[in-house]
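Subject: Handover of a structure and the findings on it

Dear colleague,

Please find below the structure that I am handing over to you. The findings follow directly after it.

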Amino acid sequence: MKLSASTSIIILLLSPTASGFNIPNPFAGLMKAPTDGNPLLNNNNSPNSNSVLLKPQLLEAISSTNNGKDADLDTQKRVLQLVRKLETERPVPDTILTDPKEAKRLDGVWFLQYTSPSELGEEEDIDTWTPENPESKIDTKPYNNKGTVGAVGIKVETANRVTKQIFDVANSKVANSVEQDFGIIHVGGSFRPSDSVPNRAIAAFEDCWIEFNNGFQLDLGFVFSIIGAVRGTKDNGWLETTYLDNDMRIGRGNKGSLFVLTRDQNAVQP
C-alpha cells in the first residue's frame, strides 16, 4: 500500500488501541518477556483448566486471518466468544497498572496478531463487552477496524505487516510501530491509569517519526502538540487490558476495537 506524506501524518493519529504498535527505539532493552510465574495460572496462582483450553483455541481461531482482515463472520463470532470466556475466567487484577509487580507483566514488546470490532451487531449468542465510564475529550465512536488500525476515517492495513506495541511500565511510556511499504511509522508517549477504570491506560502521544527505507527519518512530534492545543488535551485514546498472561494479551480500545497480541511474533499463522 503506497501512502502520501500527508496521509502518513494523519495515520500518526492512530488510536493507541490500535493502538493500540525493526526500528531503533529506547525500549530495546525490554524485548525479553518476563519469565516469573506460570502463564497458565490465574490471578490467585491456582491452575485454571478453562484458560489452558481456551487459549490455544483462540490462537488457532485467529490464525490465517491476516490480522483479522480475512476473518469471516463465523470466525469473528468464534473469536469474540473465546475472548469473552477468557476475560471472564481470568480477569486482570484492578492493580494491573498501579502495582509494580503486576504492571511488570505488561513490560516489553508485544506483536499485534488480530484486530476486529468488539461488537458485530445484534448477536444474542455473544456476551457483548461494553466500555464503562468513557473518558471525556476522547473519541469513542466505533469504527470497523477489521485487520486495520486507523483514525479520523483513515484506515491502514496491518495484514502481513509487523505491528508492535512496546510498554515501558517503570517510566510510564508506550510506543507503537507499524511497518509499511515506505518504512516504519513510530508513535510514542506517556500513559497513565484511568481514574475511573483500573485496567484502562490513557495514552498521550508526544513523539512520532517515520523512518524511511532509505534511512531518512522525518520527525513529526510537533503534530501532537498542535492537536493537543486544538482539542484542549494531550490525551489521544485509551486501551483496556482485559486478559494478560506471560505470552498473550487481549485489549479493548476507545474505538470499540478488540486486539489480540502475543510475545512471539510467530505465535499464529498469518
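Two strands are said to pair if DSSP finds at least two bridges between them. Helices (H or I, at least four residues) and strands (E, at least two) are themselves DSSP runs, numbered from the N terminus. Please note that this is a predicted model, in which local features need pLDDT of at least 70 and side-chain atom pairs count only at pLDDT 80 or more, while totals for chains, interfaces and linings use all residues. Residues are numbered from 1 along each chain as its sequence is written, and side-chain values use heavy atoms, with hydrogens and water left out.

Overall picture

The protein has five helices and 11 strands. Of its 270 residues, 53% count as buried; buried means under 20% relative accessible area, exposed means over 50%, and partly exposed lies in between (1.4 Å probe, protein chains only). The accessible surface comes to about 12400 Å², and 51% of that belongs to carbon and sulfur atoms. Accessible areas come from the Shrake-Rupley method with a 1.4 Å probe, and for residues only the protein chains shown count as cover.

Strands β4 and β5 pair in the antiparallel sense over six bridges. Thr163 has Val178 in β5 as its bridge partner. The two strands β4 and β5 form a hairpin with four residues between them, and Ser172 in the turn has a positive phi of about 55 degrees. On to the next strand: β5 and β6 also pair in the antiparallel sense, over eight bridges. Here Ala175 stands opposite Gly188 in β6, and a hairpin of two residues joins β5 to β6. Six of the eight residues of β5 are buried, so this strand is largely enclosed by the rest of the structure.

Nonpolar cores

A nonpolar core is a set of buried Ala, Val, Leu, Ile, Met, Phe, Trp, Tyr and Cys residues joined through side-chain atoms within 4.5 Å. The largest one has 26 residues, and those with the most contacts inside it are Leu97, Leu106, Phe167, Val187, Phe191, Phe205 and Leu244. Two or more residues of this core come from each of β1 (108-117), β6 (183-193), β7 (200-212), α5 (222-231), β9 (237-244) and β11 (257-262). Strand β7 gives the largest share, five residues. Apart from this core lies another, of 18 residues, among them Leu54, Ile62, Leu80 and Leu86.

Helix α3 has 17 residues and reaches 24 Å from its first C-alpha to its last, close to the 24 Å expected at 1.5 Å a residue; the expected span is 1.5 Å times one less than the number of residues. The buried residues of α3 are Gln76, Lys77, Val79, Leu80, Leu82, Val83, Arg84, Leu86 and Glu87.

A salt bridge is a side-chain nitrogen of Lys or Arg within 4 Å of a carboxyl oxygen of Asp or Glu, and by this rule the count comes to nine. In one of them, Glu87 meets Arg252, with the closest N and O atoms 3.0 Å apart. Glu87 lies in helix α3 (residues 73-89) and Arg252 in strand β10 (residues 248-253), so the pair ties together parts that are 165 residues apart in sequence. Both Glu87 and Arg252 are buried.

Another salt bridge joins the side chains of Arg105 and Glu102 (2.7 Å, N to O). Arg105 counts as buried at 15% relative accessibility, whereas Glu102 is partly exposed at 21%.

A further salt bridge is formed by the side chains of Arg161 and Asp181 (3.2 Å, N to O). Arg161 lies in the loop between β3 (154-157) and β4 (163-168), and Asp181 in the loop between β5 (173-180) and β6, so the pair ties together parts that are 20 residues apart in sequence. Arg161 is buried, with a relative accessible area of 18%, while Asp181 is partly exposed at 34%.

A buried glycine

Gly251 is placed in strand β10 and is buried, with a relative accessible area of 0%. The C-alpha atoms of Gly251 and Asn199 are separated by 9.8 Å, although these residues are 52 residues apart along the chain.

Yours sincerely
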